[in-house]
Amino acid sequence: MPAGFTSTRTSRRQFLTLLGISAAAVSCGTATATGGGSGSQVKTLKYQGSVGAVTLPELAADLGYFEDVTLEWVGNTISGPQDIQSAATGQTHFGSAFNGAVIKLAAGKAPIKALISSYGSDQYSYAGYFVLEDSPIRSARDLIGKKVGMNTLGAHYQALLDTYLSRNGLSKADAAKVEALVIPPVNTEQALRAKQIEVGVLTGILRDKAVAAGGIRPLFTDVELLGPFSAGTYIMTERFIKQNPDTVRTFVTGVAKAIEWSRTTPREEAVARMTEIVKKRGRNEDTTALQYWRSYGIAETGGRIPDQEFQLWLDWLGERGDIKQGQFKPSDLYTNEFNAYGKG
């Protein structure tokens with residue numbers, strides 16, 4: 001196995017351990033333990049950002065959509081599971097992750113609720129599973145015995161790979177012979193071209209640069225597989241939601257407005273606004289990646305969450321044995337109650 005790669009078994013165990021926090025741990029949090037009562041709702045929300053990128057809450061705040069609610073940056077997240085774990089344990093007030101990770105966290109007895117979609121895939125923002133141009137791999141069956149590189153295991157990209165294999169007729173036994181490996185996204189193109197892996201998952205600027213360089217082609221994309229869909233959500237703890245309903249409504253509705261602003265604003269103007277946001281926050285970040293921004297990929301108007309955005313991953317996790325079959329209904333995991341966008 002190439003240096004720096006992580007096996008499916010080890011990384012999956014680490015992933016499940018990361019999400020296996022208890023309700024007791026959640027109750028010990030600090031950020032979510034304040035607020036509630038008349039006139040005492042939390043108005044400053046602690047959160048984690050992303051280097052060189054503008055999250056939807058950051059965009060909403062800059063556009064003035066949060067009214068009397070402000071954001072307090074406490075650092076940058078290293079992954080979706082880490083981001084929502086920080087929110088669940090009270091280190092921050094909200095976090096975003098792949099909906100499958102949200103389900104796993106809820107299955108670990110964390111009292112959380114998804115409130116609004118945070119990212120997704122469309123014709124502009126999507127994940128491609130790329131092979132070399134001259135690769136003999138043309139179908140799902142050709143992946144048996146091959147290595148597929150992705151950013152993490154047990155999450156979004158492995159779920160899509162499993163779905164692709166299943167929908168194309170591979171048995172569980174054959175699908176198990178397709179080896180998923182963890183590779184840092186910045187190294188995926190190099191690993192693919194060096195033939196250390198046969199398939200690499202590429203997104204965003206890394207995908208666009210790799211395609212422009214030539215010599216690779218997509219075996220499939222997530223949009224081809226599922227159509228446009230929202231893949232992740234922002235979550236908060238149920239306790240915080242109950243104690244701070246007005247703040248939560250302002251936050252969720254503000255994010256919804258930012259989603260629609262990003263849809264309707266000319267791309268050049270949106271990129272210029274995001275670039276300005278990154279520069280003025282003074283974190284010494286490279287804004288190059290923003291020049292490639294085209295969409296947040298969210299499928300639904302105002303980021304509203306439909307049942308199917310959770311049911312797909314409930315089925316997948318149940319089949320894997322990561323959760324009990326029928327343990328949750330989609331409505332157990334999310335609410336659109338606080339999204340006032342479009343209600344007049």
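Which residue follows α4, and what is its phi? Select G90: this residue comes after α4 and has a positive phi, near 85°. Helices here are DSSP runs of H or I with at least four residues, strands are runs of E with at least two, and both are numbered from the N terminus.

This is a predicted model, in which local features need pLDDT of at least 70 and side-chain atom pairs count only at pLDDT 80 or more, while totals for chains, interfaces and linings use all residues. Residues are numbered from 1 along each chain as its sequence is written, and side-chain values use heavy atoms, with hydrogens and water left out.

**Helix α4**

Next, select residues 80–88. Eight of the nine residues of α4 are buried, so the helix is largely enclosed by the rest of the structure. Buried means under 20% relative accessible area, exposed over 50%, and partly exposed in between (1.4 Å probe, protein chains only). The buried residues include P81, I84 and A88. At the start of α4, show S79: a side-chain oxygen of S79 comes to within 3.2 Å of the backbone nitrogen of Q82.

**Aromatic rings**

The structure holds 11 aromatic pairs. Rings of Phe, Tyr and Trp (its six-membered ring) pair if their centres lie within 6.5 Å; planes under 30 degrees apart count as stacked, over 60 as edge-to-face and the rest as tilted.

Select Y129 and F220, a stacked pair with 4.3 Å centre to centre and 15° between the planes. Y129 lies in strand β5 (residues 127–132) and F220 in strand β9 (residues 216–221), so the pair ties together parts that are 91 residues apart in sequence.

Elsewhere, Y47, F66, F94, Y234 and F251 form one aromatic cluster.

**Nonpolar cores**

A nonpolar core is a set of buried Ala, Val, Leu, Ile, Met, Phe, Trp, Tyr and Cys residues joined through side-chain atoms within 4.5 Å. In the largest one, of 52 residues, those with the most contacts inside it are I103, Y129 and L143. Select L143: leaving aside neighbours within four places in sequence, its contacts (heavy atoms within 4.5 Å) include L161, Y164 and L219. Apart from this core lies another, of 35 residues, among them L63, I116, I241 and M274.

Technical notes:
Polar contact = N/O pair within 3.5 Å; in protein donor to acceptor, adjacent residues only side chain to side chain.
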